[in-house]
Amino acid sequence: MNKTYYVCKYTPVELLKALGGECEILNDMPEGFDLAEQIAHPNICGFGKSVLEAVLAGNVKELVLVNCCDTIRSVYDILEDSGKLDFLYMVDMLHCDVSCSRERTVIQLKELAAAYGEYKGTTFNKEAFLKAFQPSERCSEYHLAVVGARMGEQLFEMTEDS
């Protein structure tokens with residue numbers, strides 16, 4: 001079974017888990033950007049290139065992105081054209097808390113659920129959805145919260161040891 005990768009802390013992983021997904025943050029640090037630089041503009045940042053590199057190397061087959069910056073938008077466009085993924089989806093970031101933004105977000109989450117459920121051949125599982133919200137064992141004691149989604153295992157271990 002393929003893992004569904006994501007890069008942004010705003011990715012609705014609970015929804016993906018409720019539809020049978022096994023989610024993992026894409027936090028690869030490649031040795032170089034040889035593959036990414038063949039198809040991406042040289043001005044795309046190293047983070048965007050690392051996402052491209054992981055997909056182009058064949059390490060990622062399912063990816064859900066959140067449109068939080070121009071780089072991610074470019075990465076999505078490049079990956080959509082590449083045809084290298086079995087599942088690729090982009091969710092727009094909620095930028096304000098007014099009713100039209102909330103309504104737009106609801107529509108997008110429903111569209112993601114429909115597309116992902118169809119891809120996986122599953123339906124929404126409320127029990128799995130609620131279970132996905134349970135705090136992880138990692139946070140059962142005092143901990144240092146790191147804002148952002150790119151806290152890999154090395155950084156976590158470093159902060160835990162401090």
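**Entry 1: helix α3**

I began with the packing of α3, whose buried residues pack against α2 (34-39), β3 and α4 (70-82). For this I took contact as heavy atoms within 4.5 Å. Helices (H or I, at least four residues) and strands (E, at least two) are DSSP runs, numbered from the N terminus. Buried stands for under 20% relative accessible area, exposed for over 50%, and partly exposed for values in between (1.4 Å probe, protein chains only).

I noted that the model is predicted, that local features need pLDDT of at least 70 and side-chain atom pairs pLDDT 80 or more, whereas totals for chains, interfaces and linings use all residues. Residues are numbered from 1 along each chain as its sequence is written, and side-chain values use heavy atoms, with hydrogens and water left out.

I then asked how many residues of helix α3 (residues 46-56) are buried. The count is 9 of the 11, so the helix is largely enclosed by the rest of the structure. I listed the buried residues as G48, K49, S50, V51, L52, E53, A54, V55 and L56. After α3 comes G58, which has a positive phi, near 90°.

**Entry 2: T71 in α4**

I placed T71 in helix α4. T71 counts as buried because its relative accessibility is 16%. Beyond the neighbours within four places in sequence, I found T71 in contact with I44, C45 and G48. I also looked up the separation of T71 and G46: they are 25 residues apart in sequence, and their C-alpha atoms are 9.6 Å apart in space.

**Entry 3: the sheet**

I recorded an open sheet of 4 strands, in the order β2-β1-β3-β4 and with parallel pairing. Which strands form the edges? They are β2 (23-25) and β4 (87-92), each of which pairs on one side only. On average, neighbouring strands of this sheet are turned by 25° against each other, direction ignored. The axes behind such angles are lines fitted to C-alpha atoms, for helices over the stretch in contact, and angles run from 0 to 180 degrees between N-to-C directions.

Two strands are paired if DSSP finds at least two bridges between them. Strand β1 (residues 4-6) runs parallel to β3 and is joined to it by 3 bridges. I noted that Y6 has V64 as its bridge partner in β3.

**Entry 4: N67 in β3**

I found N67 in strand β3 (residues 62-67). Is N67 buried or exposed? N67 is buried, because its relative accessible area is 18%. Leaving aside neighbours within four places in sequence, N67 touches I72, R73, M90, V91, D92, M93 and H95. With D92, the side chain of N67 makes a polar contact, side chain to side chain, at 3.3 Å. A polar contact is a pair of N or O atoms within 3.5 Å; within protein, one must be able to donate a hydrogen and the other to accept it, and residues adjacent in sequence count only if both atoms are side-chain atoms.

**Entry 5: aromatic pairs**

I noted 6 aromatic pairs in the structure. The rings of F87 and Y89 are stacked, because their centres are 6.2 Å apart and their planes lie at 5°. Rings of Phe, Tyr and Trp (its six-membered ring) pair if their centres lie within 6.5 Å; planes under 30 degrees apart count as stacked, over 60 as edge-to-face and the rest as tilted. F87 is buried at 6% relative accessibility, and Y89 is buried at 15%.

The pair of F124 and F129 is tilted, with 5.2 Å centre to centre and 55° between the planes. F124 is partly exposed at 43% relative accessibility, and F129 is partly exposed at 23%. Finally, I recorded that ring pairs link F87, Y89, Y116 and Y119 into a cluster.
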